[in-house]
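Subject: Structure handover

Hello,

Here is the structure I promised you. Please open it next to this email, and my notes follow below.

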2 protein chains.
Amino acid sequence: MSKQGILFVLTGPSGVGKGTVLAEVCKQKELYLSTSATTREPRPGEQDGVQYYFLTREQFEQKVAENGFLEHAEFSGNCYGTPAEPVDAQLDAGHDVMLEIEVQGAMQVHQMRPDAVRIFIAPPSFAELERRLTGRGTEDADAVRRRLETAKHELTLAKEFDYIVVNNTVEQATADVLAILRAENCRAAQVEIK
Amino acid sequence: MSKQGILFVLTGPSGVGKGTVLAEVCKQKELYLSTSATTREPRPGEQDGVQYYFLTREQFEQKVAENGFLEHAEFSGNCYGTPAEPVDAQLDAGHDVMLEIEVQGAMQVHQMRPDAVRIFIAPPSFAELERRLTGRGTEDADAVRRRLETAKHELTLAKEFDYIVVNNTVEQATADVLAILRAENCRAAQVEIK
């Protein structure tokens, strides 16, 4: 029996730096990143299967009906989801897979795949997250306030995850995530005794 | 509430290299190593509380009766055990503790402390363990054969541990153990959300 890959889920509130941490992790560890599907229109330059799988709403709903998503949700009238099939193909080939998704999606994955290893990236403090989101300067005060309200709720869910990585610095958070990936590959169930 | 330390147990068959790996781990991570108690006579130069706590058989049996050991066993007419008290004092002070003990002892710790994180060091293959034990040249063929029989049985228990680290090289096994220590400190129950 050849080794199955491990499904990892990386999540955390908006502004916590999960994308930055994941980019660093990928420099040091080979990892298959999943591609989401969406019903929104492709923007100029976006290619099907690269940034997203672009589906019609009909195709999307069909896939939902077939349990074809590990998680899915609707934002501002568009549907987004993580197709299960390409993820499973990689896992079956023995490759570890990382989903970088929103907190609610990460909760859904747990329903579909209780064996997924779920990592929650947390800010050093709520005040620091506030400072980071305000400091971006790309959104009006109302949008920031909404993000912070969502973040406050999401932080109450952190304890339901397997791991919590506090993003004090990108270096430390990256090393923490890499340690988790390495340790999970040493789980007794993963290792073959010869 | 201040953070409790984590209790780690490192075990594996005789000759697998757990002492070497642990020595390397300790160069890179602060870790409290527990001291065993024994009823055997101190050898010249051995100090009470350093190599061992030296107890009379009466003192040892008293401690067993009080549930004062995390694990204990008798070998060649002498008793050996891991006293719980100094371990708990370190855990309460927030320090991670590592017990390097025999496989049977590691199984006992699980009974007493189900939350202990147990790491099994395995050889790359049984043939390689045989080669290493024979290569030592310090024991007669009978003693080596007995060790190998014990090892064969112990390897069947590996899957009951939390982690299995295959000691292909000291560097890789050390990095695996360090990753496990780091990852366990990111467990959701260990991390305080601010």
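B:Asn67 sits in the loop between helix 2 (57-65) and strand 5 (69-75) of chain B. Helices (H or I, at least four residues) and strands (E, at least two) are DSSP runs, numbered from the N terminus. B:Asn67 is not a glycine, yet its phi is positive, about 60°. Its relative accessible area is 56%, so B:Asn67 is exposed. The cut-offs are these: buried is under 20% relative accessible area, exposed is over 50%, and partly exposed is in between (1.4 Å probe, protein chains only).

Before the rest, the ground rules. This is a predicted model, in which local features need pLDDT of at least 70 and side-chain atom pairs count only at pLDDT 80 or more, while totals for chains, interfaces and linings use all residues. Residues are numbered from 1 along each chain as its sequence is written, chains are lettered from A and ligands numbered from 1 in the order in which they are written, and side-chain values use heavy atoms, with hydrogens and water left out.

Chain A has a positive phi to look at too. A:Ser76, a residue other than glycine, has phi near 45°. A:Ser76 lies in the loop between strand 5 (69-75) and strand 6 (78-83) of chain A. A:Ser76 counts as exposed, at 77% relative accessibility.

Now a buried residue. A:Thr11 belongs to strand 1 (residues 7-11) of chain A. Its relative accessible area is 0%, so A:Thr11 is buried. What does the side chain of A:Thr11 reach? It reaches the backbone oxygen of A:Glu102, at 3.4 Å. A polar atom of the A:Thr11 side chain also lies 3.1 Å from the backbone nitrogen of A:Val103. Leaving aside residues up to four places away in sequence, A:Thr11 touches several others, including A:Lys18, A:Ala106, A:Ile119 and A:Phe161. Contact here means heavy atoms within 4.5 Å.

Next, the interface. 29 residues of chain B are in contact with 29 residues of chain A. The two chains bury about 2,300 Å² between them, with 59% of it on carbon and sulfur atoms. Buried area is the accessible area (1.4 Å probe) that two parts lose on being put together, summed over both.

How many salt bridges are there between chain B and chain A? The count is four. A salt bridge is a side-chain nitrogen of Lys or Arg within 4 Å of a carboxyl oxygen of Asp or Glu. A:Arg182 forms a salt bridge with B:Asp176, and the closest N and O atoms are 2.6 Å apart. On the chain B side, strand 9 (163-166) and helix 7 (170-184) each supply at least two residues to the face that touches chain A. Helix 7 of chain B gives the most, with eight residues. The residues on this side of chain B divide into 19 nonpolar, two polar and eight charged.

Last, the cysteines. A search of the whole structure finds zero disulfides over all chains. A disulfide is a pair of cysteine sulfur atoms within 2.5 Å. For A:Cys26, the nearest cysteine sulfur is that of B:Cys186, 18 Å away. A:Cys26 is partly exposed, with a relative accessible area of 29%. For B:Cys186, the nearest cysteine sulfur is that of A:Cys186, 15 Å away. B:Cys186 is buried, at 5% relative accessible area.

Best wishes

Notes
Nonpolar A, V, L, I, M, F, W, Y, C, P; charged D, E, K, R; others polar. Polar contact = N/O pair within 3.5 Å; in protein donor to acceptor, adjacent residues only side chain to side chain.
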